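Reader: I am new to this structure and would like to go through it slowly, one question at a time. Could you show it to me before we start?

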Amino acid sequence: MTTGHIASKGLYFTIFAALMVLTAVTVGITYVDLGDLNLVVALGIACTKALLVVLFFMHMRWSHRLTHVAAITAIAFLVILFAFTLGDYFSRGALGELGR
Amino acid sequence: MASVDSSHVHHSALQHHFESLEQQKESSIFGMWLFLVTEVLFFGGMFMAYVLYRTWYPDAWLAASHHLDVTLGAVNTAVLIGSSLTMAMAVRAAQLGQRTAQVVFILATMFLGFVFLGIKAVEYSDKFAHHLVPGPNFRFEDATVARQAQIFFSVYFAMTGMHALHMVIGAGLLTWILIGAIKGRFTPEYHTPVELIGLYWHFVDIIWIFLFPLLYLVGHH
């Protein structure tokens, strides 16, 4: 079949509702002082929302394995970008200056 | 192009170098995802800049972020998530061959996209009115972090601006599939453009899902 998996209306509305609830939670949580955890919670919620969109709205749950490879590649490249850049900036001066 | 010279009976949408419509569609979806990988890296560079400057200037980031309107940001998040729902429903209508529903949902997606851009325009003009646009007219109440706050607003305009540009391009792409849908080009066998534009639209939604907490909800209020 070329139509692919057809998700039910109910599923799409459930995902939509979950995304709206998570949006409300992420706004609400900023009025509670959790210190550094505020950022962790905000990013955790954003990642959960992104995952819901990718899995259901973008049909990742029902798509070909090659598509999964592409998505994982994106994350892998992001990890390299962030890890190497931050590793560089936060280790500057750690070894002292060359030649001294 | 249809393979007119073939002795087989082919679907008019099937290009000759593909075995079947299914293979053709899988290839298109894979290609779209590869494009989205490059888009992730494109926005990734800006997110990287954001992370670095935020760790360097946490105080300026907090002070500058409080100039953004959380309500407008939250409403826009809801609007965009709503447009993702209507987009998913448009793809579903295409899969089922429901032409009217397809047209209605594509129009709804475009409408919500324009609501988002309208709210964004209100926010941008407010930033201009309050001298919060980086440049010679930038003013910030706390002079000690003014230069660093300017970096926050540079990042803000770069990221939301690129995001808004993606929305405008998305509106153009939606217009294209709207015309196709009205003409009845899309069937349960062939509706790849609707599916691919859907992927693009959801991707743009995901970028905003990260931009909203990172720009509007720094620290606690």
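Reader: How are α1(A) and α2(A) oriented to each other, roughly parallel or roughly antiparallel?
Author: In this predicted model, the axes of α1(A) and α2(A) come within 10 Å and cross at roughly 170°. An angle over 145 degrees counts as roughly antiparallel. The two helices α1(A) and α2(A) are therefore roughly antiparallel.

Reader: Which residues of α2(A) take part in the contact with α1(A), and which class of residue is found there with eleven members?
Author: From α1(A) come Leu11(A), Ile15(A), Ala18(A), Leu19(A), Leu22(A), Val25(A) and Thr26(A), and on the side of α2(A) they meet Ala42(A), Ile45(A), Thr48(A), Lys49(A), Leu52(A), Phe56(A) and Phe57(A). Sorted by class, this contact has one charged residue and two polar ones, while the class with eleven residues is nonpolar.

Reader: What is the hand of the crossing in which α1(A) passes α2(A), left or right?
Author: The axes of these two helices, α1(A) and α2(A), cross at roughly 170°. The crossing in which α1(A) passes α2(A) is left-handed.

Reader: Where does His59(A) lie, and is His59(A) buried or exposed?
Author: His59(A) is found in the loop between α2 and α3 of chain A, and its phi is near 60°, a positive value in a residue other than glycine. A residue counts as buried if 20 or more other C-beta atoms lie within 10 Å of its own. Since His59(A) has 21 such atoms within 10 Å, His59(A) is buried.

Reader: What about His131(B), is it buried or exposed?
Author: His131(B) also sits in a loop, the one between α4 (99–129) and α5 of chain B, and it has a positive phi of about 55° although it is not a glycine. With 12 of them within 10 Å, His131(B) is exposed.

Reader: Which residue of chain B is in contact with Ala71(A)?
Author: Ala71(A) lies in helix α3 of chain A and is partly exposed, with 17 other C-beta atoms within 10 Å. Leaving aside neighbours within four places in sequence, Ala71(A) is in contact with Val54(A) and Met60(A) of chain A, and the residue of chain B that it touches is Trp33(B).

Reader: Which residues does Leu85(B) touch, not counting residues up to four places away in sequence?
Author: Leu85(B) has its place in helix α3 (residues 70–96) of chain B, and it is buried, with 22 other C-beta atoms within 10 Å. Not counting residues up to four places away in sequence, Leu85(B) touches Tyr12(A) and Phe16(A).

Reader: How far apart are the end C-alpha atoms of helix α6 of chain B?
Author: Helix α6 of chain B (residues 192–216) has 25 residues, and at 1.5 Å a residue it should span 36 Å. The expected span is 1.5 Å times one less than the number of residues. The distance between the end C-alpha atoms of α6(B) agrees with this, at 36 Å.

Reader: How many of the residues of α6(B) are buried, and is Thr192(B) exposed or partly exposed?
Author: Of the 25 residues of α6(B), the number buried is 23. Thr192(B), whose place is in helix α6 of chain B, is in contact with Lys25(B) and Ser28(B), leaving aside its neighbours within four places in sequence. With 19 other C-beta atoms within 10 Å, Thr192(B) is partly exposed.

Definitions and conventions. Residues numbered from 1 in each chain as written. Chains lettered and ligands numbered in written order. Predicted model: local features only at pLDDT ≥ 70, side-chain atom pairs only at ≥ 80, totals over all residues. Helix = DSSP H or I, 4+ residues; strand = E, 2+ residues; numbered from the N terminus. Contact = placed C-beta atoms within 7 Å. Axes fitted to C-alpha atoms, helices over the stretch in contact; angles between N-to-C directions. Parallel < 35°, antiparallel > 145°, perpendicular 65-115°, else oblique. Left-handed = near helix turned anticlockwise from the far one by under 90°. Nonpolar A, V, L, I, M, F, W, Y, C, P; charged D, E, K, R; others polar.
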